[in-house]
Amino acid sequence: MFRIGQPEIDAFAAVVRSKKLFRYTKGGQCERFEKRYARFLGVKHVAMTSSGSAALTAALAALGLGPGDEVIIPAQTFMATALSVVTVGAIPVIVDIDESIMLDPAALADAVGPRTRAVIPVHMWGRVCDMDAIMRVARRKKLLVIEDACQCAGGAYHGRMVGGIGHAGAFSFNYFKNITCGEGGALVTNDAAAARRAACIIDPCNFFWTGRREDFRPFCGTGSRASEFEGAVINAQLDRLPGMIRTLRRMKNRVLRQTAGLGLVPAKSNSPDGECGSNVVYQFPSAALTARFAKLVGGTILSQTGRHTYTEWDPILTRSGAAHPALDPFRFPENKGCRMNYRKDMCPQSLDILSRSVIIGLHPDRTAVEIDKLIKSIRSAAAAVVKP
Ligand SMILES: Cc1ncc(COP(=O)(O)O)c(C=O)c1O
C-alpha cells in the first residue's frame, strides 16, 4: 500500500551520518514522530514500539488487563489481535462481525459476560468500526476499549481519527501497512497513567536514560523499543500519509460512483468519508456468485485471505497459550471461569458474510487509465453475475 523513495533514503542516511542510533538521544527521530503523530491524531500520548503486536500488548497491559479477564475481539482480524490478549494472560472471546466487515456492536453487547473487561474493535482493511455504537455498549457494560488501528493509519470515524477514540489504540508500521518502516508500531492513549505504564512495558530499562521518577515504580518486562532508523523512516512516511489518503479516497469514490446502478452492493460503511479508501468491497447473495465475480475482477473473497478469519488461528483454536505450560493463560486457575471453548463453526454470521464479500485493493500510485480498466472490468463482471 505504501509509497517509499528518496525522502526515506535521505532520512535513513541522516541517521547513519549522525551516528545517533539510540532513541534516547535528545531530539531523536522516535521522539519527533511521537510528538507529530500525537498532533496528527489529536491524542495526548504516543509511544513508538517495535511492532503493532507490541503496541497492542502494551496497550492491554498498560490498562491493567490480565489473568481472570476476557477481552472481546472480532471474528476477522490478523491473529496478532488475539495473541496480544493471551500474551497479557487474558482470554480472547471471538465475536461476530456484521455486514460492514467490522465487529458487530449488537453481537458485542450480547457477548459481554461477568468476566469481560475489554473489547478490541479492529479497523480492518483501512475501513472503520461503528465507534459510536461500540463506545455506547462499552459505557453501558463498563468495558475498556482498545482500538486495533494497525491497518488504518490515517483513517477517521466521522471526523475523529481512529486509534484515539477508545481508552488506547495500536498501530502497525509493518511492510503491509499504509505507512511503514519495515517493522514498527505505536501505542496511543489520552490516559497519562496508562502512558507511564506503557513506557515501562515498551522499555523496562528506560529509567536508566530517562531518569527515575518518584511517582512510578518500574516493573519487569522484555521490552519492544523502536530504533532511530524506524523513527526516521516513519517520519518521512507520515509526511506522505495525508496526500496518500486523499488520493485513495478519491479513487475509491470514483470506483463506487462509476459502478453504481448495476445491482452491485458495496459493503456497508460506518464512515464513508473516514475510510482510508484502500479498497472497495462488494457483497453478493450467494457464495457461488461471489466466486464468479471475484474470478472475473481478480478480487479476493474475504473468507479466503488465508489468515484473517478466526478459523485459521491455530494456537488460539488449540489453546496453545505459551512456550512454557506454567505460563499458559489457558491453564491459569484465574482464567477457569473464562470462555475458551473455541470451535470453527462458532461465528456462522461472520463466515457467511465473509464468504459473500469480495475485496478489490487500490493503490495510490494506480494511474487514471488503470482505474478506468478496473471500473470496466467491474462493470462487465456485474453484467455477467448480477441478475437484473
Ligand atoms: C489488524 C492487525 N492487528 C495487529 C497486527 C500486528 O502488527 P505487527 O505485524 O506489526 O506486529 C497486524 C499486522 O498485520 C494487523 O493487521
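This report covers the sheet and the ligand site of a predicted model.

## The sheet

Seven strands form an open sheet with mixed pairing. Their order is S1-S9-S8-S5-S4-S2-S3. Strand S1 (45–49) and strand S3 (91–95) stand at the edges. Each has a single partner strand, so one side of each lacks a neighbour in the sheet. From one strand to the next, the twist averages 25°.

Strand S2 (residues 70–74) and strand S4 (residues 116–119) run parallel and are joined by 3 bridges. Within this pair, Val-71 of S2 stands opposite Ala-118 in S4. Helix H2 (residues 29–41) packs on the sheet. H2 touches S1, strand S8 (168–172) and strand S9 (185–189). The direction of H2 makes about 135° with that of S1.

## The ligand shell

There are 17 residues around the ligand. Gly-52, Ser-53, Asp-148, Ser-172 and Lys-177 come nearest. By type, the shell divides into 6 nonpolar, 9 polar and 2 charged residues.

Helix H3 (52–62) and helix H4 (80–87) each supply at least two residues of the shell. H3 gives the largest share, 3 residues.

## Polar contacts and cover

On its own, the ligand has 390 Å² of accessible area. The protein covers 93% of that area.

Terms used
Residues are numbered from 1 along each chain as its sequence is written. This is a predicted model: local features need pLDDT of at least 70, side-chain atom pairs count only at pLDDT 80 or more; totals for chains, interfaces and linings use all residues. Side-chain values use heavy atoms; hydrogens and water are left out. Two strands pair if DSSP finds at least two bridges between them. Helices (H or I, at least four residues) and strands (E, at least two) are DSSP runs, numbered from the N terminus. Axes are lines fitted to C-alpha atoms, for helices over the stretch in contact, and angles run from 0 to 180 degrees between N-to-C directions. Contact means heavy atoms within 4.5 Å. A residue is near a molecule or strand if one of its heavy atoms lies within 4 Å of it. Accessible areas come from the Shrake-Rupley method with a 1.4 Å probe; for residues, only the protein chains shown count as cover. Ala, Val, Leu, Ile, Met, Phe, Trp, Tyr, Cys and Pro count as nonpolar, Asp, Glu, Lys and Arg as charged, and the others, Gly among them, as polar.
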